[in-house]
Amino acid sequence: MDQLPSYLIVIPLLAAPLAVILPGRVLQWLLATVVSFVVLAIAGMILAQVIETGAISYAMGGWQPPWGIEIRVDILNALIVLIVAGIGAVVMPFAGRSASQEIDPQRSGLFYGLFLLTYTGLLGISMTGDIFNMFVFLEISSLSSYALIALGRDRRALTASYQYLIMGTIGATFFLIGVGMLYSMTGTLNMADLAARLPDVSHARTVHTAFAFIVAGVGLKLALFPVHLWLPNAYTYAPSAVSAFIAATATKVAVYVMLRVLYTVFGAEFSFATMPLAPILIALSLIGILVTSMTAVTQQDAKRLLAYSSVAQIGYMVVGLAIATPSGLTAAITHVFNHALMKGALFLALGAVAYRVGSTRISEIEGLGRAMPWTMSAFALAGLSLIGVPLTAGFISKWYLVVAALEQGWWWLAVFVLLTSLIAVMYVWRIIEAAWFRPLPAHREDVREAPLALLVPVWVLTAANIWFGVDTRLSAGIAATAADMLLGVTP
Amino acid sequence: MDVLGSYNYWIVTFLMMAGLYTVISRGNLVKKIAGLNIFQTSVFIMYISFGYVKGGAAPILEDGVTLYSNPLPHVLILTAIVVGVATTALGLALVVRINEAYGTVEEDEIHVQDESF
C-alpha cells in the first residue's frame with residue numbers, strides 16, 4: 001500500500017477540472033465533498049500505517065530517489081496531512097450552502113475547481129520529499145487561493161488578493177532562490193539527500209545565503225510578523241468557506257515547511273547553533289504576538305479580528321519551533337493541530353452568521369446569541385479554546401509552550417504567554433459580549449438559526465476542540481513523537 | 001576572485017534588486033507586476049547559469065563528447081517559468097478586475113476610495 005500517498009494528490013487534482021465542467025452547483029459540490037471524504041479516509045489510513053510501520057516512501061513514476069520525485073510521509077507529515085484533509089472534509093460540506101449564497105452561480109464550478117486545487121497543493125506540500133516539488137505545490141496552492149480570495153463579494157477582496165499575490169510571489173521566489181543555491185552546492189533536490197550532503201559544505205557562504213533566503217521566503221508565506229500584512233485583508237474579504245479553509249490550513253502548512261526545512265534539511269544544529277536564528281525568530285514572534293493581539297482588540301469586523309489573532313497564534317507556533325527542544329517542538333506541532341481546529345470552528349461560525357445576516361461586523365452581531373443560539377454558543381466554545389481555557393484544545397498547546405519555556409528557565413516567556421492570553425480574552429469577549437449581552441435590534445427580529453447544513457460542520461469542529469482538550473493522544477501524543485524524530489532523539 | 005568572469009551573476013543581482021525595488025516603490029499595479037516579472041526572471045537566469053559547465057557541450061548524447069552541461073537546472077526553470085507566467089496572468093487579470101471595480105490602477109487612489117467607503 002505504498003502508493004496510498006500518491007492518491008491524495010492524484011484524486012483532488014483530477015477532480016478539480018471535472019468540477020469545473022460538471023453542470024450545476026449541486027453536482028459540483030457533491031463531487032468536491034465526496035473527494036474530501038475519500039481524501040480524509042486515505043489520510044487516516046496513512047497515519048495508521050505510519051504509526052505501525054514507520055515512514056512511507058513512494059517513488060513517483062518509478063524513478064528512484066534521489067533522482068526522481070519522492071513522496072515521503074513520516075509521522076510529522078502524516079499528522080499535517082490529516083489536519084489538511086480533515087479541515088477540507090469539514091469545510092467542503094459547509095461550502096455547499098454558504099457558497100450558494102456568496103458565489104455567483106456561473107462561477108460555482110470555478111469555485112469548487114479552485115478549492116480542490118488549493119487542497120491538492122496543500123496536501124502535496126505536506127507529503128513531498130523533494131524540495132523543488134515543494135515549491136511547485138506551494139505555488140499551486142497559492143495561485144489557486146489568490147483566485148479563491150478574489151471571488152469574495154466585496155470589491156476589496158480584489159485588492160486583498162492582489163496584495164497577497166505580490167507578497168506570496170516574493171516569498172515563493174525567495175524560496176526558489178534558496179533552493180537553487182542549495183542545488184548548486186550539493187547537486188541534489190531530495191530533502192533526505194540534501195540533509196546528508198549539506199554538513200560537508202555547511203561552512204560555505206552560499207549555504208548561509210540559501211538559508212537566509214529560504215527562511216525569509218517561508219516567513220512571508222506563514223505571515224510571520226512583520227511580513228503579515230497580506231493576511232488580515234485576505235481572510236476578511238474571502239468568501240466564508242474559503243476564509244475558514246485557508247485560515248485553518250494554509251499558514252499551518254507553511255509552518256510545516258519551516259519545520260521541515262530547518263530540522264530535516266538543514267538540521268537543528270546548523271539552524272540554531274551555527275546560524276543565529278532562534279533569537280531573531282523569538283524576538284519577532286513575541287513582538288508580533290503583542291502587537292497583533294492588541295490590533296485584534298480594536299477591530300470592528302469579527303473576521304478581521306480573528307485574522308489578526310491568527311498572526312498572533314502563528315507567533316506562538318514559531319516561538320515553540322525556535323526553542324528547539326523536544327517540548328518546544330511538541331508545543332509548536334500541537335498548536336498547529338489545535339489552532340487549525342479552533343480557527344476552523346470560529347471562521348465557520350462566522351460563515352453561518354454571514355449566511356443569515358450578510359455581514360460579520362461586530363455591530364451587526366449584536367443580540368445574535370438569542371437569534372442564533374447554536375451558532376453563537378459554538379463560537380463561544382471555540383473562542384474559549386482560542387484563549388486557552390482548561391478542557392479545551394487551546395489549553396493543551398499553551399500548556400506545552402509554558403512547560404517548554406520553564407524547562408529553559410525562561411519564566412518571563414511563561415508570564416508573557418499568560419499575559420497575551422489575557423489579551424485574547426479581551427478580543428474574544430468583544431464578540432461574545434455583542435452577541436449575548438446586547439439586545440437584538442428590531443430589524444433583526446426575523447433572523448433564524450443557521451440551517452443544519454452549516455451547523456453540523458461548525459459543531460463537528462467545536463466538538464473536536466473539546467475532544468482534543470481531553471484526549472491528547474492524537475494531537476500532543478503524535479506531536480511529541482514527531483518532535484523527537486525531528487531532533488533525532490530516539491524515544 | 002574573478003569579478004568579470006561571473007558577470008551573469010552580477011546581472012542576476014542587478015535584475016533581482018531592480019525588480020524587487022519596482023515592486024515595493026511603484027504605486028501603479030501594472031508596474032508592480034512588471035517588477036515582479038523582472039524579479040522572477042533574474043532567478044531564471046541564476047538557475048540557467050548554475051547549469052553551465054566550462055567547455056561543456058549541449059546535453060545531447062553524441063560520440064566523442066564527454067563533457068556536457070548540466071540540463072537539470074534548465075528543466076527546473078521551465079517549471080518555474082510556467083509558474084511565473086501563471087502568476088503574471090493571474091496578477092494582470094486581478095488588475096483588470098480592480099480597474100473595473102475602482103476605475104483606477106493607482107494604489108493611493110484605491111486606498112482613498114476604500115477609506116471613504
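How many helices and how many strands does chain B have? Chain B has 4 helices and 0 strands. Read along the sequence, these elements give the pattern α-α-α-α. Keep in mind that the model is predicted.

Next, take the overall form of chain B. The radius of gyration of chain B is 20 Å, while the globule rule gives 13 Å for 117 residues, so chain B is more spread out than a compact globule. Along the principal axes, the C-alpha atoms of chain B fill a box of roughly 70 × 30 × 15 Å. Of the 117 residues of chain B, 26% count as buried. Now look at contacts in chain B between residues at least 6 apart in sequence. Of these, 44% join residues at least 24 apart.

Chain B also touches chain A. The contact takes 26 residues from chain B and 23 residues from chain A. On the chain B side, α2 (29-50), α3 (72-102) and α4 (107-116) each supply at least two residues. Helix α3(B) gives the most, with 14 residues. By class, this side of chain B has 19 nonpolar, 4 polar and 3 charged residues.

Now turn to the inside of the model. The largest nonpolar core has 223 residues. Those with the most contacts inside this core are A:Leu79, A:Val81, A:Ile149 and A:Ala349. Follow one of them, A:Ile149. Beyond its neighbours within four places in sequence, A:Ile149 is in contact with residues including A:Ala157, A:Tyr164, A:Ala238 and A:Val242.

Leaving aside neighbours within four places in sequence, A:Ser243 is in contact with A:Tyr235, A:Ala238, A:Lys303 and A:Phe347. A:Ser243 sits in helix α10 (residues 240-265) of chain A. Is A:Ser243 buried or exposed? A:Ser243 is buried, because 29 other C-beta atoms lie within 10 Å, and a residue counts as buried at 20 or more. The C-alpha atoms of A:Ser243 and A:Gly86 are separated by 16 Å; the two residues are 157 residues apart along the chain.

The buried residues of α21(A) pack against α3 (75-102), α10, α14 (326-357), α18 (393-407) and α20 (452-470) of chain A. Among these buried residues are A:Ser475, A:Ile478, A:Ala482 and A:Leu486. Does the length of α21(A) agree or disagree with its residue count? At 1.5 Å a residue, its 15 residues should span 21 Å, and the end C-alpha atoms are 20 Å apart, so the two agree. After α21(A) comes A:Gly488, whose phi is positive, near 75°.

Technical notes:
Residues are numbered from 1 along each chain as its sequence is written. Chains are lettered from A and ligands numbered from 1 in the order in which they are written. This is a predicted model: local features need pLDDT of at least 70, side-chain atom pairs count only at pLDDT 80 or more; totals for chains, interfaces and linings use all residues. A residue is buried if 20 or more other C-beta atoms lie within 10 Å of its own, exposed if 12 or fewer, and partly exposed in between; C-beta atoms are placed from the backbone. Two residues are in contact if their C-beta atoms, placed from the backbone, lie within 7 Å. The expected span of a helix is 1.5 Å times one less than its number of residues. A nonpolar core is a set of buried Ala, Val, Leu, Ile, Met, Phe, Trp, Tyr and Cys residues joined through C-beta atoms within 7 Å. Ala, Val, Leu, Ile, Met, Phe, Trp, Tyr, Cys and Pro count as nonpolar, Asp, Glu, Lys and Arg as charged, and the others, Gly among them, as polar. The radius of gyration is taken over C-alpha atoms; the globule rule is 2.2 Å times the number of residues to the power 0.38.
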